[in-house]
Amino acid sequence: MLNFSQKHEKPNRVEFESNLPAFSREEERNRIMELSNQITYVSTRGGQSGVTASQAILQGLAKDGGLFMPDQIPKLDRTLEQLSAMSYQETAYEVMKLFLTDYTEEELKACIKKAYDSKFDTEEIAALEQADGAYYLELFHGSTIAFKDMALSILPHLMTVAAKKNKVDQEIVILTATSGDTGKAAMAGFAHVPGTRIIVFYPKGGVSQIQELQMRTQKGENTSVVAIHGNFDDAQTGVKKLFGDEGFQTELAAKGFRFSSANSINIGRLVPQVVYYVYAYGKLLKQEAITAREAINVVVPTGNFGNILAAYFAKQMGVPIKKLICASNDNKVLYDFFATGTYDRNREFILTSSPSMDILISSNLERLIYLSTGCDAGKNRKLMEELGESGSYQVTADMKEKMEDFWGGYASQEENAAEIKRVFADTRYLMDPHTGVASAVYQKYKECTGDHTTTVIASTASPYKFSRSVMEAVSGELSNKEEFALIDEMSVLSGIPVPKAVEEIRHATIRHNRECSVEGMKMEVKDILGV
Ligand SMILES: *Cc1c(COP(=O)(O)O)cnc(C)c1O
C-alpha cells in the first residue's frame, strides 16, 4: 500500500504527473490520496486532519470535540452481484478495507475472523426475516442480543491492532456512556483484553431490568460499571467533557493511561455498521426479492444517529437506497429536526419502553450536518457551539435540501405497543420495542407517501431484552409478574428458545454496585483507576 508522505517526498512521481495539469498542493494531495486509495480522517470541527484510520479509532473523539470523518466516502469496488455471493465476513472485508486503509489485509481479516464467529447464534451473523410486507434485518444475534454487538465485537480487535501500529504503550481506558445496550456489548468485547480497561456509565432507572442485570453481572477485572443519577444525555455529555479535559488527560498520561471511546462517536463503531446494509442488499438480490440496482428503503429506530448514518454511508458507497426512514420514539427531537430544520433539545426527557432511543442529543447527527455544509468545518462548529450554549440550532434551506434522503417519523409508546401486538397477531413475528418504533413509523411512512418500495427494517434488539414491555404490549395489560417469569412465558408464546445471554444472567452474581452523581464522574474514574 502506498504511503502518502513517502510518495509526496519522492522526486520521481512521473507515473502520476505525466499528462496532467499542474495542481495546487491541496489538490495534488487529494489526487494522490485517491490514486493510492488512502483515506484519512478529519475532525468535523476543523481542528485535526490527515489522521489515519487507526489513529482516529485510538483517539475516539477529535481533540476539538468534533467527530472524525473520512475525507471522502469511498465507492464499493465490487459489483452488487459479486457482493451478493459473499458471506458476512467477506462483505465486512470488502467494506472495511475501503475505510481503514492503514490496516493491512492480514490485520483486517484477522480482526473480522475473531469478531464474527460462533459468538453469533447464526452463521449468517445478520439474519433477514420477511414478515408483514417488509424485511426485518435482525442485528441481535450476537452475544448481548442487541445490534451494538455488530460493531463492538470487532472494535476491541481494531483498537489493539491500532495501538500496536501506533506504538502506544499506555493502557487504553475505554470511557463509555450507554443508554442500555452499548455498555454491555462494549464490556463483552473488551473484558479480559490485555492493555485495556473499560468504564461504563448508565442512567440509573433509565434502562431495562435485563439491560441492567447484564451490565452489573459483567465479569472481567478490567471492567467497571457506574450508575449515574441522571439520564443518558447527562452520561454522554459527562464522558465528552472528560475527553475534552486536557489537564485530566495529562494527569492520566503520567500514570500510563489514555482514553478512548466505544460510543458511536468512534469511527471504528460506524464503519463496521455499514457492512450489514451492504450485506442485506446482497441478500435481497440473491433471494431475487429485488433486481440488480433496484432501490430499497431502509427504516432505522434511531437514538444517537449512528446506525442510520451507517446506512447513509452505504448509500454513498453505491448501495441503491432510496429513503432512509429515521424512526424516533416520544423523544422526537430528530423528527422535529427533519420536519423544520431546527434542532431543539430544550424539552422534557421522556423515559419510554425503548430506552436505547431515549436521547435528546444525537451525537452522530453532527456528521450529517458537517456533510450538509459541504464539509465546512467552521460552519458546523458554529452550529455545535450553539447547541452547547442554547440547546438548539437551525440549518439553512440549502443544508436541509442536502438531507432529503432522510424521512423522519415517530411513534408514541401506545402506537409502539399496538404495533408489536398487531404484527405478532398477524404474522407471529415478535419484535422488541425499538424495532416496534421502526415498524410503526414504517406504516406511517407508507400511508403518508404511498411508497411501497421493498423495505428493510433494522431490528435492533431481541424481544427477550425487553420482556416486560413486549409481553405487556402483546397482552394489552400491565403485568406484576417478575422478569424471568415473563421471559419463560415469552418463550412459550413465541416458540423461540430463551437466548444464552438471558439464561446466563438468570442466576449470575451482581459484581458492580457503583453509583455517582453527574458531577462525580471524574472522581469515579480516578477512584476506579486508582490515581
Ligand atoms: C443503540 C440502540 C438504538 C439506537 O441506535 P443509534 O445508533 O444510537 O441511533 C436502537 N435500538 C437499540 C436496541 C439500541 O441498542
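I am working from a predicted model, in which local features need pLDDT of at least 70 and side-chain atom pairs count only at pLDDT 80 or more, while totals for chains, interfaces and linings use all residues. Residues are numbered from 1 along each chain as its sequence is written, and side-chain values use heavy atoms, with hydrogens and water left out.

Entry on Asp432. I located Asp432 in the loop between helix H20 (413–427) and helix H21 (433–449), where helices are DSSP runs of H or I with at least four residues and strands are runs of E with at least two, numbered from the N terminus. I then asked which side chain of opposite charge is nearest to Asp432. Buried means under 20% relative accessible area with a 1.4 Å probe, protein chains only; a salt bridge needs a side-chain nitrogen of Lys or Arg within 4 Å of a carboxyl oxygen of Asp or Glu. Lys and Arg count as positive and Asp and Glu as negative, with His and the chain ends not counted.

Entry on strand E7. I noted that six of the seven residues of E7 (residues 223–229) are buried, so the strand is largely enclosed by the rest of the structure. Strand E6 (residues 196–203) runs parallel to E7 and is joined to it by six bridges, and E7 also pairs in the parallel sense with strand E15 (residues 514–517) over four bridges, pairing requiring at least two DSSP bridges. I found Val226 to be the bridge partner of Phe201, and Val226 also stands opposite Arg514 in E15.

Notes:
Buried means under 20% relative accessible area, exposed over 50%, partly exposed in between (1.4 Å probe, protein chains only).
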